Structure formats: structure tokens, C-alpha cells
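Visitor: I would like to go through this chain one element at a time. Could you take my questions in turn?

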Amino acid sequence: MSQQLWEREYINKAISSSTNTKPSHGTQFFRQCLPRIAEVEGPPRLLDLGCGGGRNATVLKETGLDYYGMDFAHRPLAKAAAREDGPSLRLVQGSMAEKLPYKTNTFSIVSAFTSVENVVENAQLRFLSQEIRRVLCPQGLLYVYFMTPDDGYYQPLVNQSADARSLTYDPVTELRQRVYQLHELCDLFSPSFTLQASDDFVFEDTRSHNTYLRHLAAGLWQAS
Ligand SMILES: C[S@@+](CC[C@H](N)C(=O)[O-])C[C@H]1O[C@@H](n2cnc3c(N)ncnc32)[C@H](O)[C@@H]1O
């Protein structure tokens, strides 16, 4: 269901990442983490989960690692393949809710830019974290840029579940997503990962002709 909604979103383009070809705000902190990333002695490969149209590839390739992108929707993958650097991107259609289509110990770093929001159940996110741990090398890194419950667009859409998850339903896209606090991700990634660094992002963003104060965050975790 959510795959069909994302395919439709890449036609309707209500979300800025569906049209924006500039790298996401979340790449700013990623750049600051480059020296830390360079210390990882692992395979020369990076995996970008929920890669969309590949707009973050330029910055992610500053690591010097080969870029692998995975998304469950066809349209953004076709868009990524059509980029000027498309032929150098290794793109695969796959879901973050299933076993990742890569062998154990394939990557030095895995990134996810505003995509883990689509994994709404604790058990699903725990499974994803184990899968990321499996495809990463020992001491490999996980970089996640995510929307928080304070976000100016999603905050009015938050519906607290009985188990305190911040679930959202967006009437424009009809997507059901989850906004996370940093400590929730730390809990759900534990014991596979330990937080190394984090940052907050606050900026103005226009969506559907309105301006919102966006609140996102990023974390860098190391496989334990
Ligand atoms: C907000 S977009 C972000 C795209 C890209 N990371 C960026 O920053 O431009 C979220 C992306 O996650 C993908 N996605 C959502 N749920 C997914 C899932 N379960 N498995 C794989 N990709 C998923 C969507 O198709 C979409 O391309």
C-alpha cells in the first residue's frame, strides 16, 4: 500500500524531496562526519536506504565509497538512473521492511535520509536495524536523518498511539508515517548500534503554498 502511495507521490510531488534535486539539509552534518567515516576500515561501499531520486549521492560519494541506492518505488529509481552520474550508481528495488538484498559485511556505512519514518512498528525497525548491522562491516557506521515530533509540518498531524509512538497521517499524500525522537531510535537500534554523534536541524520550508518551521535531526551510530 505505502509503495503505491510513494509511486503516486512521485507524480503528484507534494513533498519537497520528490522534486528537489539539491542535496538534503541532512547532508550538512554528514559532511562534518566525513573524517569519522574515513576511519572505518571496511569494504569501499556505501548503501543509501530509501534513496529516492538519488539527490544525496553527490555528497555521499565524497566519502570516496561506491554508492549503492535502494528504494521500493520504481519512479524515483528511474529518476536516479537518469541523473548525469546515474550509470555509476548501483540501484536496486527493495523494501526496508524485508531482508536486505545484500550479502553480510558488504558496506562500511549505511545512510537513510527521511526514509525510516516509513517504518512505523518497533518490531519492523528492530528487524531493519539487525539487517543493517548484518550488511555492515564490523565497526561500520549508520547515518540517519529523520523528522521529529516538533516538526512544523508533521506536529499537527501527530496522533499518539497507545504505546506512545508518534504516528502521522498526511491527508495530502495519504501516507502514514512515524516521527521519531533521537532516544527512540537509540533504543530501537540497541544493542546493534551505539550513538556516536547527533545534530538538530531547524529551517523554513514551503509545502503546498504554506511555510513551515521544520525540525529534523540526524544521528551517527556505530555497529557494536
Ligand atoms: C522522503 S523520500 C526521501 C528520498 C531521499 N532519501 C531524499 O532525501 O531525497 C522517502 C523515500 O523512501 C522510500 N521508501 C519509503 N518506504 C520504503 C520502504 N519500506 N522500503 C524502501 N524504500 C522506502 C520512498 O519511496 C521515498 O523514495
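**Strands, helices and a ligand shell**

Guide: Strand S4 covers residues 107–113 and strand S5 covers residues 136–147. In this predicted model, the two pair in the parallel sense over six bridges.

Visitor: What is the strand order of the open sheet of seven strands?

Guide: The pairing in this sheet is mixed. From one strand to the next, the twist averages 15°. The order is S3-S2-S1-S4-S5-S10-S9.

Visitor: Why is one side of S3 and of S9 left without a neighbour in the sheet?

Guide: Strand S3 spans 90–93 and strand S9 spans 193–207. Each has a single partner strand, so one side of each has no neighbour in the sheet. Both stand at the edges.

Visitor: Which helix lies across S2 and S3, and at what angle to S3?

Guide: Helix H6, residues 74–81, lies across S3 and strand S2, the latter being residues 66–71. The angle between helix H6 and S3 is about 170°.

Visitor: In S9 and S10, which turn residue has a positive phi?

Guide: S9 and S10 pair in the antiparallel sense over 14 bridges, and Val-202 has His-215 in S10 as its bridge partner. The two strands form a hairpin with two residues between them. The turn residue with a positive phi, about 45°, is Ser-208.

Visitor: What is the order of the open sheet of three strands, and which are its edge strands?

Guide: The pairing is antiparallel and the order is S6-S7-S8. Its twist averages 40° from one strand to the next. Pairing on one side only marks the edge strands, which are strand S6 (158–160) and S8.

Visitor: How many residues lie between S7 and S8 in their hairpin?

Guide: Strand S7 (residues 166–169) and strand S8 (residues 176–179) run antiparallel and are joined by four bridges. Ser-166 has Val-179 as its bridge partner in S8, and Thr-168 stands opposite Gln-177. In the turn, Glu-174 has a positive phi of about 65°. The number of residues between the two strands is six.

Visitor: How do the residues of the shell around the ligand divide into nonpolar, polar and charged?

Guide: The ligand is surrounded by 21 residues, the closest being Gly-50, Gly-52, Phe-72, Phe-113 and Asn-118. The shell holds nine nonpolar, 10 polar and two charged residues.

Visitor: What does UniProt list for residues 47–144, and how far apart are the end C-alpha atoms?

Guide: An unreviewed UniProt entry lists these residues as "domain: Methyltransferase type". The span is 27% helix and 30% strand. Its end C-alpha atoms lie apart by 12 Å.

Visitor: What radius of gyration does the chain have, and why does it agree with a compact globule?

Guide: The chain has eight helices and 10 strands, and its C-alpha atoms fill a box of roughly 45 × 40 × 30 Å along the principal axes. With 224 residues, a compact globule would have a radius of gyration near 17 Å, so the chain agrees with its value of 16 Å.

Methods: Residues numbered from 1 in each chain as written. Predicted model: local features only at pLDDT ≥ 70, side-chain atom pairs only at ≥ 80, totals over all residues. Pairing = 2+ DSSP bridges. Axes fitted to C-alpha atoms, helices over the stretch in contact; angles between N-to-C directions. Contact = placed C-beta atoms within 7 Å. Near = placed C-beta within 6 Å. Nonpolar A, V, L, I, M, F, W, Y, C, P; charged D, E, K, R; others polar. UniProt positions renumbered as here; feature names shortened; annotations may be inferred. Rg over C-alpha atoms; globule rule 2.2 N^0.38 Å.
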